[in-house]
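Here are a few friendly notes to read alongside the model. Keep the 3D view open and follow the points in order.

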Amino acid sequence: MLKNRFFATLFVFMLLFLAACGNTETKQESTPEKKVEPKEEPTELILATTTSTQDSGLLDVLLPIFEEENNVKVKTIAVGTGQALEMGTKGEADVLLVHAPKSEEELVTSGDAVNRKRVMYNDFILVGPKDNPADVSGDDILAAFKTISEGKANFVTRGDDSGTHKKELGIWTAVNIEPTGDTYISTGQGMGASLQIANEKNGYILTDRATWLAQEKNLTSLQIAVEGGKDLMNIYHVMQVNPEKHEMVNSNDAEKFVEFMVSSETQDVIESFGKDEYGQSLFFKYTE
Amino acid sequence: MELIFDGLKKAIEMILTGDREILEITWLTLRVCFMAIIISSIIGLPLGMLLGLTRFKGRKIILVLINIGMGLPPVVAGLWITMLLWRSGPLGHLQLLYSPTAIVMAQVLVSLPIVTGLTSSAFQQINEKMLLQIKALGATNIQTIALLLKQTKIPIVAAIMAGFGRVIAEVGAAMMVGGNIQGDTRILTTSIVMEVSKGNFDVALAISFILLTVALLITAALTLLQQRKRVS
């Protein structure tokens with residue numbers, strides 16, 4: 001029966017892979033069990049956070065500590081702050097770590113988020129082309145936005161409802177300008193990708209300092225234009241999704257996570273993060 | 001140019017030093033993709049065969065739907081699966097969102113129409129006179145199917161390869177339903193997206209070389225299987 005040989009081979013091929021799949025699954029399950037023999041199966045906690053905390057590498061340092069201490073598996077979903085907050089209002093996440101204070105307050109008012117605590121800050125900076133076509137500098141971000149808008153220099157915006165985007169829109173509102181036209185480039189992408197676009201398009205862009213420092217080496221035609229003003233503070237809060245309003249929320253571990261983020265040991269880790277690589281802190285202690 | 005060499009160097013380095021994380025990501029990618037294409041084939045091959053060989057009312061409408069499905073954008077598939085699996089969604093109690101199973105579901109959704117559609121085209125090509133002849137020679141149903149499978153081997157493997165190409169290249173849906181969680185749902189394509197957004201182009205390139213190598217090896221194996229001469 002030669003005619004069936006090909007399909008027999010294919011069948012065996014697939015079975016082999018199925019078997020292989022099965023094997024590793026058991027292997028993977030058994031390895032962590034061996035490591036943490038006395039402990040129970042870890043619980044899962046969904047953390048919705050912003051791309052900046054993941055892209056900067058901060059979470060890679062913090063989460064293993066928390067997971068180890070509490071026998072929890074943290075599932076990080078790194079999205080824009082807008083989406084992270086939306087996950088909160090839908091009850092799709094257990095805990096949020098975000099940086100858009102005004103929108104966060106709405107969640108607390110609506111009862112979707114509880115136990116909101118201030119964790120840390122870093123600052124926003126305005127970066128722009130090295131030849132500085134709009135000639136902006138210093139620490140006055142409002143004046144800089146005005147000048148850029150008048151001078152028709154390119155301005156790149158995240159346009160993705162993220163914390164940084166909300167911050168930028170707030171500044172435009174403060175100077176009473178509605179940015180439009182060809183020079184206002186909306187990317188709809190994350191911070192890193194938007195910085196790349198600003199780099200290529202010779203545009204100014206508002207960014208958080210952590211992402212800028214992490215990516216500076218790839219952004220050869222950009223430099224810091226405006227920094228240090230009091231309007232440029234970037235504050236992060238952590239909060240639990242309200243278990244009374246949403247089913248299936250893991251409030252037990254979420255509460256532990258909030259406690260963990262504001263504990264003094266964690267705060268020290270946050271402030272020392274990045275010092276080795278960049279010679280300065282990327283995030284600063286800022287609890288209430 | 002320099003970046004490409006850096007990426008290639010890094011890829012070789014990662015493989016030679018057995019970088020644990022990248023090996024796990026690659027293995028997960030393989031598991032997820034194979035699971036998806038196996039499920040798609042198990043459903044799609046018989047379904048395509050049925051649609052290709054039989055004639056019934058409504059068959060054309062089904063074919064139109066399948067052909068539209070072939071072009072279903074992965075992000076749309078991802079969005080549907082996400083809404084289905086939300087805690088507040090109809091399948092929320094299963095807690096499958098942000099798990100490899102969710103990725104497999106999305107990948108089946110985008111590859112099933114391809115496998116089904118191409119298989120049905122293959123069977124539609126079969127000459128009706130041949131079908132009559134087989135029947136006239138007194139073949140049983142099983143014998144008939146076996147004979148037809150032998151006839152359509154090349155396009156069927158092509159259907160599986162096309163489906164596989166779709167799932168291994170897919171990123172939008174995997175990002176949405178998987179969440180790119182480290183050590184859990186991070187696959188090769190989603191890690192490329194992440195490394196690019198981090199600005200680590202060398203790492204992204206290195207991972208892309210690994211992805212291409214994996215795809216090349218599997219497609220080559222399937223092609224050899226497809227092109228093998230019958231021994232008779």
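1. Let's begin with one helix. Please bear in mind that this is a predicted model. On one side of helix 3 of chain A, A:Pro64 and A:Glu68 are exposed. The buried residues of this helix are A:Leu58, A:Leu62, A:Leu63 and A:Phe66. These four lie on the same side of helix 3 of chain A, because they cover an arc of only 95° around the axis.

2. What covers those buried residues? Among the elements that do so are helix 2 (51-55), strand 2 (72-79), helix 10 (251-262) and helix 11 (264-272) of chain A.

3. Now check the length of helix 3 of chain A. At 1.5 Å a residue, its 13 residues (58-70) should span 18 Å, and the end C-alpha atoms are 19 Å apart, which agrees. After the helix comes A:Asn71, which has a positive phi, near 50°.

4. Step back to the whole chain. Chain A has 12 helices and 10 strands, and 40% of its 288 residues are buried. Of the contacts in chain A with a separation of 6 or more, 76% are between residues 24 or more positions apart.

5. Finally, the domains. Chain A is divided into domain 1 (43-121 + 234-285) and domain 2 (122-232), with 25 Å between their centres, taken over C-alpha atoms. Their contact involves 18 residues from domain 1 of chain A and 17 residues from domain 2 of chain A. On the domain 1 side, helix 2 and helix 4 (81-90) of chain A each give two or more residues; helix 2 of chain A gives the most, with 3 residues. That side of domain 1 of chain A divides into 7 nonpolar, 10 polar and 1 charged.

Terms used:
Residues numbered from 1 in each chain as written. Chains lettered and ligands numbered in written order. Predicted model: local features only at pLDDT ≥ 70, side-chain atom pairs only at ≥ 80, totals over all residues. Expected span 1.5 Å × (residues − 1). Buried ≥ 20, exposed ≤ 12 C-beta atoms within 10 Å, placed from the backbone. Arc of directions from axis to C-beta. Contact = placed C-beta atoms within 7 Å. Domains from an automatic or database assignment. Nonpolar A, V, L, I, M, F, W, Y, C, P; charged D, E, K, R; others polar.
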